[in-house]
Structures are given as structure tokens and as C-alpha cells.
Amino acid sequence: MQLSPRLLIIPLLICFIFLVFLQLNSVGFLSDNLRSLWDLDPLSSRSITLYFSWWPRLVTTLLAGAGLAIAGVLMQQVLRNPLASPATLGVASGANLALLMATLFTPNLMLWSASAVATFGGVTSMLVVFTLAWRSALSPSVVIVAGLVINLYCGSFATVLLLMNQEELNGLMIWGAGSLVQSSWDDAIFLAPRLIIATSIMLFFVRPLSLLELSDNSATSLGISLARIRIITLAVAVLLTAWVVSSVGIIGFIGLAAPAFVRLLGVKGLLQRILLSALFGALLLSLTDLLIQQLPKVLAMFIPTGAATAILGAPLLLWLLPRLPLKSQAENQVLTRAKSPKNQELSSKKVVMLVVMILAFIGIFSLIGKQLHGWTWLPESENWGLLEWRLPRLIGAAAGGLMLAVAGTVLQRLTGNPMASPEIMGVSSGAALGLIIAIFSGLGATSFGLYAGGTAGAMATMGILILLNRRSGFQPERLLLTGVAITALMDGVQSFILAGGDPRSYQLLAWLSGSTYYVNADSLVGISIFAVVLTVIALSCSRWLDILPLGSNEAMTLGVNVQRVRLLLLGLVAVLTVVATLVVGPLSFVGLMAPHMARMAGFNSARAHILTAGIFGMLLMLLADWLGRQLLYPQDIPAGLMASLIGGLYLMWGLRRL
Amino acid sequence: MKRFALLLVLAISFSCYAISPLQNKSNHVGVVVIDWTHAETLLALGIEPLGIAQKQDYAAWVKEPKIPDHVVDLGLRTQPNLEIIRELSPNKIFISPMFSALSPQLAKIAKVKEIGLYAQGEVNLLAMESMTRVLASEVGVEASAEQLIKQTRNYINTLKQKVPANYPPVVIVQFMDANHLRVFGKNSLYKAAINALGVKSAWTGVTNQWGFSLIAIDELITIEGQVIVVEPLPVGTKQALVDNQLWQYIRTKSAKPVLTIPAIWSFGALPSLARFGALFVDAISGQQLINQGHR
């Protein structure tokens, strides 16, 4: 598609100027309001508002949009992945976590400089990602996976802190939703010189950076120090993101969309791409912000722009997807295979041993725990009524863990992408969105209403996934990108709700984190049957799952109807995910971790992989449920969060060995 | 040996009596509360619940009436610890309607009673009194309820005498961070309190079910009324506001100075209402002794 960039930029510029004048014209005289930019009238409150609030907001928005877009271009160039965005290296989540921890534990640091804390957090995440990916000379796939793990880890930790301290952290949620409101020129003055310096530095490196698009070998043979250029570029990108995030909060989508649009227009040269993306990003963000300011006040709160860009951006991204040129992710195959140095066979003896371990876990965890008077051994205290609470939660956790792990294994083998997990595919986000709508529209008063809402949401997501991907034959990359867009929509909605300060949102957050709180004995039987039946179905598909990772051509040669099989497996993953979501909530990354753990333990064949991943998933969720209840007694840490925190450590350790 | 054992038993039984101090004052009716609004009302009625959720945070945010030490902490308000509640074996559990999702689980332990104040309709003094009566009838202390209501009304009337006649409208805000505030209006504790004291609220815009609206700081300029800031201010906000010229303009623009009031539980009932009333009147009276612009 060879559209001239001017075709897109000029209409945007016109809209921008129109909205600016509209806003300036809304109250008072246009000429007076324009003059307030350089000639402040200290007696007119309108002039004061414009000078100290509106103009700085406009300028900061332009700077922030440009900064994020440039960071996005740089990341996409280094990581050779059109999906890379400033959030990829965990900068935003690291900054978020740092701010939360400083507010709770070291308030003096916040007094000194909140933006320094945020920048520190963002840069630390980057350093951790670099450490994890060091051995592979910062190979893109490893960096992306490491970034994902860090994102998930910081996010889980932050959610735990948030659940336990909701009153204190209310204000930070507004920052997290990316509100661009200003009350002085401070942020603009902070961002402008930094943006200029960062861009100038990058201009020096344009030549070697352009060569990064080639494969590793070609680039090195042309005389570039791969590691060095990657580090410098990523460092600049991270700093840019950290500066923007620390001054205005978390703004989604711009860093991904602006470079993507520019690439869509067919712009090739790196320098052009950087400059055009900056312009694009600035315009996109400020247009969104100006439009939001025009909206009438319906919800008794302002709309945070960062959340709005994420929410509005998702449909745009979905539209953009079929038009993005995606290279075959051959590297990911290498990554998947590289993780299995030894090859373990799954004997029946091992299976029995693992099953015994599961039963032992269930037994121990239901009999030992903290009660009113400290650690208690249940048979001693004779409080058998407590089993009524403990057993359903444990079994529910195990069932959820099994289903998510199996779904994750199937998905990873289906797409050949180690980043794939049921949550990332977007089905659980869809279920969560359905649930949110059910709760806040009042239909969620009964649990039936909640289940209906969740299922409806999941079905709708499946429909979108199938519709958008049918033509491409359910090609893995596009499948995942669709999921990413839906998850981004969910994240935007979640941060919007949290910013509002409605007390119900914390109950929602607990459920969204993967909570076994609501499991009761009635639903257990149905869930366990589902879990077992679906696992058996997955195991019966092992032949396909052994063949598919070889590539679609090889699979077809071996007689597999690739498109139909992919659709079937996708359906299986969806059903597994929906049932698990309704039990434990959407965001427990067991589906990402358990398959990796099984891989690292050496189980490679499809049957062994599915079975052991399932068992590891069960063990992980059992441990997580129990530990979550003991650690901060009497407060509950949702099992899903605990599973992320435990499993994330394991993943990080495993990544180092790559 | 037998004599020693007897003495020991006697000693223990006497010390048990000494450990529980409020026994004569409060009835042990075996209830458990999740919501802080219910907690403060029950404590004001002289009833000690078996357990309250998030005890420590209650001490930080609600403060009065204080929770006795031996009341058990139930964990999070959004997910109270079911095992602890089971171990306490209460007769009744009170929740507010917005957490009705918890009912199925809680109903297995004891009878669950949903008593709502916010998001149930208009929040004013009458609604709070009605809620207090409902709560009291559930635990059988209707007389105490009438006493509490009468005491609160008398107290409010006394406070009303101290408010100058025709006091201009006020706008009550709470800072979320340096750029964003919650402004309280219809359906909030604060509006109910100041209306009872004969003062109008300057914020007539839309509010959510909990009585507030989230606004950006520049919108505060357009509101005509004395600004009352309820503490606490988030970390770093106080310092940031000192340098903030927009805020300084807001402060100096109005004829009346900006007043600061210590922390109140913004979603409380009669006890919080009385407390806010007292602090509000303190602040207003205090300002008359201080020259304008010295706050």
C-alpha cells in the first residue's frame, strides 16, 4: 500500500488545528485566549486557567506523544518485531511498581522526586531484562519473552500491593490511567530538553540502526557490534519512555500505533520513520486528548487520556492487523527448541509419582494452615468445618491450573510461539470484559448473571478471533496479535475503572487476579469433569500437536489439514480458557508458565508435554492457593497472583540459562 | 497438689473476668461486620462485633469510635476471610449491598443481612438515621438507636448555633494527587452534614453513587465557594501545591480562605457525620480569629 504520508498527516493536522481553535473559542474571545499563551493576565481567571493548565497540557501532550512514538520506532527496529512497544521491556510496569512501593514504604523518596522514583523503576526493569537476555547477546525473541515475564511479574506484585492498600493508593491509579491534566509548565519543561537530546543522540546512530533489520549474521559481518548498538538504542528508548511515563502516567497504544501506521504508509528509511512517527504520535495523542475534553461529563469523572487511547486503539489495531507485513517468526522456533537440552521420557511410574504428589499436596494444604490462634494442625483442633472452605478452593485451583496449563501447551505448540498463552490470546480478557459489563450494568446481581456475562464476552472474543483470522488460515502471528489488541482493550478498561475510585472496582480486581474465593462445592463436580474430559481430548490430539510445530508446509505434506486442525485446536483452547476463567478469573499466567516448566524439565513429545504441563499447573496452583492464604493472614492473596509470583521466578531463572 | 490446682483454676477464672473490660457495657450478640460504616455505627450503639474487616486501616481512616483490641481482624473488606468468620461462629453477618457477591459464601456460615446507605437513594440525615434504626433492630438495641439519634441531632443543633447566619456555600474536596481532586456533592456525607448545619454546597454538578465527582484542578477555579480540603493529602502533594501557581491563585481568589480539616471517613454514617460537623465548625470559627491569607 503506497499512500503518501501527506495524505494521512494533513487531515490530522487540520483536525488538530480545528479542535484547538474550537476549545479556545468556547469561552471568551479567541484572540484573548490565544494571547494568554505569552501574555498572562493575572486578573482574569480564564487567562490563568489557559496559561497554567490548558496550554501546558497541549504542549506536554504533543511532547509525550512524540516521545512514545520515537521510543516505539527504536524498539521495533532493535527487536525486529512490529509488536514491540515502549511497554515491551517492562518500563511502564516497573515505574508503576516503584511508585507504589515508594508511596507505601519510603514516602520520603516520593517527597524528594516522584519522577526520579518512576524513572528508577523503569530503568531497573530494563536492566533486569538485559540481564536475563545477556547470554544470547540480547537476541530479540529472548528480550521480548524476558520483557513479558518482567511485565507480568511487576504487574502481579503491584496488584497485590494495590489490593492490600486500596485507600492509600487511589491517587496513583489516576496516574496509572494516564491523565494528561497539568497545573503548571513543569512537565513540559521537563520533557522538552530530554526529548531533544534523546533524538539527537539517535540521529548519530541512524546508519548502523538501519542495518539491524538484517539478520544477526549479516549485520555482524558488516562490522557492527550488535550488543553495543542494541544496548544504546534500547537504553535511549527506555529512558524516553521512563521520562514520559514518570511525568504523565501510563499511556497505551501510541508507541505501538504510530510506528505501525508509518510503516503501513510504506515509509522505508529509518530517519524518515523516526521523524514521521514522532509527528504522528504527537498528533494522535493530542487529538485524543482534545476530543476527550469536548465530551460532556456523564460519568462523574474526567476520562483519563491514557486509558482512552488504549480503549480506542484496540479496534484500530484490529483494523491495522491484516495490513501489517509480518515476517515469519522462524526465530521463535529456535527458541522453543532450544529450551529442551535433555529429552525425558514419560513413564507410567513418573506419572503415578506426580499424581501422588498432587494428592499429597491437597492433603497437606487442607490440614495445615493458619487459624485464629496461629499455625494449626486440623485433626488436632477438630475444626472439620473448615474443610468445607479449604477443599473446594484447593480442588478448584487444581482444576483451573490443569485447564489453563493444557490450554497453554496446546496454544504454544499450535502457534510455535513461546509467548503464547490463553490469556494473551484474549479469550479470558473477553470474558472479563463481559463480566465487568454485567457487574456495572446491574445484571451481575446474581451469580447466574455473572456467568452469563462472562460466557457472552468470551464467545464474542472467539467470534472476533475467528472472523479476523479466517482469511489468513489462522496464521499464528495474526492470531496472537488479535489477542494482544483485545488484552490491551481490557487493560485500558481496567485502569479506567480503577482510576474512578469506585469501591466495587477492588472486588473486581481481586477476581481479575485469579481468585478461588468464590469456588463452592456445587460447581466443583462440574468443573472437575470438564477439566478431565477436555484434557483427554487434548491428549487425543497429540499427533497433530507433534506435527504442527514443524511448520505449516511440513504439516500439510504429512497429511494434516492445517486450517481445519488449527480451528479445532483453537476451539479447544477457548473452551478450556472460558471454564478456567469462570473458576479462577482471567489473569493467572499458569498457561504461560506451566508449558515452559515442562519443557525445561525435558518433556518434549506432545503427550508428555501436555500431561506434565497439566500436572505442573496443578501443583503450582495448589501451592499458590495455600501460600496466598498464609502469607498475609488474615488477608487473602488471590491464587492467580501468587502463582504468577512463584512461577515467574522459575521462568526468570530458566531464561538465564538460555 | 489438689489445693494448688484449685487455686490455679480460681486464679484463671478471675483473670478471665479482668481481661474483658467492656462486658457490662456492650451486648455480645455475636455479629460480624465487613463494612466500616456498619462498624462505626455498631460501636457507637455500644455493640462490640466479633470481627471487623481491616482493623488497622479503620484506625487510620475512620479513627472514631475506636475498635476494642480483642475484636478480630477479618482481612480485606472485599474478600473477608471465611475461615476466621467460621471460627468465630457469629449469629449474623452484615454486609452492604455493593458486596452482595459475597452473600452466597457468607450465607453458609450465618444469616446475612444486607443493609445499605450509599447507592440506595438520597443520602441525608434521615437516611442515616433510618439505617441506624435498621441496624439496631437487627441486634435488639432499638432504645440505644433512638438515644444515638437524639444525641446526634442535639449535637448538630448545638453546632448549628455556632455557624454564622447566611454562611456562603462551600465546596468540599479531597486531593487524589496534585492535579486531581474528589469534589463532594449530592449523596455524600459532607453535603448531608453541612445541610444539617444550614450551609449550602457549592458543587451542584453530577456525582456518582458515593457522592463524589473526580475533577481536574483547573475546574476548581470555576466553582464559586469556599474551598474546604479534607485530609489526608497524598504523599508529596502538599509540597507540590506550595509551588503551584494555579493553586495559589485558587487560594487567593476567593474572599474566604481555604480551610483544611483532619481525616474523616467520607462514606460513614452518624458518627462520622457528627465528627465532621464538629471539625467543620472548628475550622470555620478558627478562621475568624485569624486574618485572611494567613492559612
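How many salt bridges are counted between domain 1 of chain A and domain 2 of chain A? The count is zero. Keep in mind that this is a predicted model.

**Stop 1: the two domains of chain A**

Select residues 46–320 of chain A for domain 1 and 348–656 for domain 2. Their C-alpha centres lie 29 Å apart. Now show the contacts: 35 residues of domain 1 of chain A meet 39 residues of domain 2 of chain A. About 3400 Å² is buried between these two domains, and carbon and sulfur atoms give 84% of that area. Polar contacts number two residue pairs, both residues at pLDDT 80 or more.

Next, colour the elements on the domain 1 side. α6 (114–133), α7, α8 and α15 (305–320) of chain A each give two or more residues to the side that touches domain 2 of chain A. Pick α7(A): with 15 residues, this helix gives the most to that side. By residue class, the domain 1 side divides into 28 nonpolar, six polar and one charged.

**Stop 2: chain A against chain B**

Bring chain B into view. Here 57 residues of chain A are in contact with 55 residues of chain B. The area buried between the chains is about 5100 Å², with 59% from carbon and sulfur atoms. Select Glu167(A), Trp389(A) and Tyr517(A): they supply 15% of the area that chain A buries against chain B, more than any other three residues.

Turn to the charged pairs. The rule finds four salt bridges across the interface of chain A and chain B. One to display joins Glu83(B) and Arg390(A), with the closest N and O atoms 3.1 Å apart. Polar contacts across the interface of chain A and chain B come to 14 residue pairs, both at pLDDT 80 or more.

Which elements of chain A each supply at least two residues of the side that touches chain B? Among them are α3 (45–79), α7 (140–164), β1 (368–371), α19 (387–415) and α24 (504–512). Select α3(A), which gives the most to that side, with five residues. The residues of this side divide into 27 nonpolar, 20 polar and ten charged.

**Stop 3: α24(A)**

Finish on α24(A), one of the helices that supply at least two residues to the side touching chain B. This helix is mostly covered: nine of its nine residues are buried. Show side chains for the buried residues, including Arg504(A), Tyr506(A), Gln507(A) and Trp511(A). Then step past the helix to Gly514(A), which follows α24(A) and has a positive phi, near 95°.

Terms used: Residues numbered from 1 in each chain as written. Chains lettered and ligands numbered in written order. Predicted model: local features only at pLDDT ≥ 70, side-chain atom pairs only at ≥ 80, totals over all residues. Heavy atoms only, no water. Contact = heavy atoms within 4.5 Å. Buried area = accessible area lost by both parts, 1.4 Å probe. Salt bridge = Lys/Arg side-chain N within 4 Å of Asp/Glu carboxyl O. Polar contact = N/O pair within 3.5 Å; in protein donor to acceptor, adjacent residues only side chain to side chain. Helix = DSSP H or I, 4+ residues; strand = E, 2+ residues; numbered from the N terminus. Nonpolar A, V, L, I, M, F, W, Y, C, P; charged D, E, K, R; others polar. Buried < 20%, exposed > 50% of the residue type's maximum accessible area, 1.4 Å probe, protein only. Domains from an automatic or database assignment.
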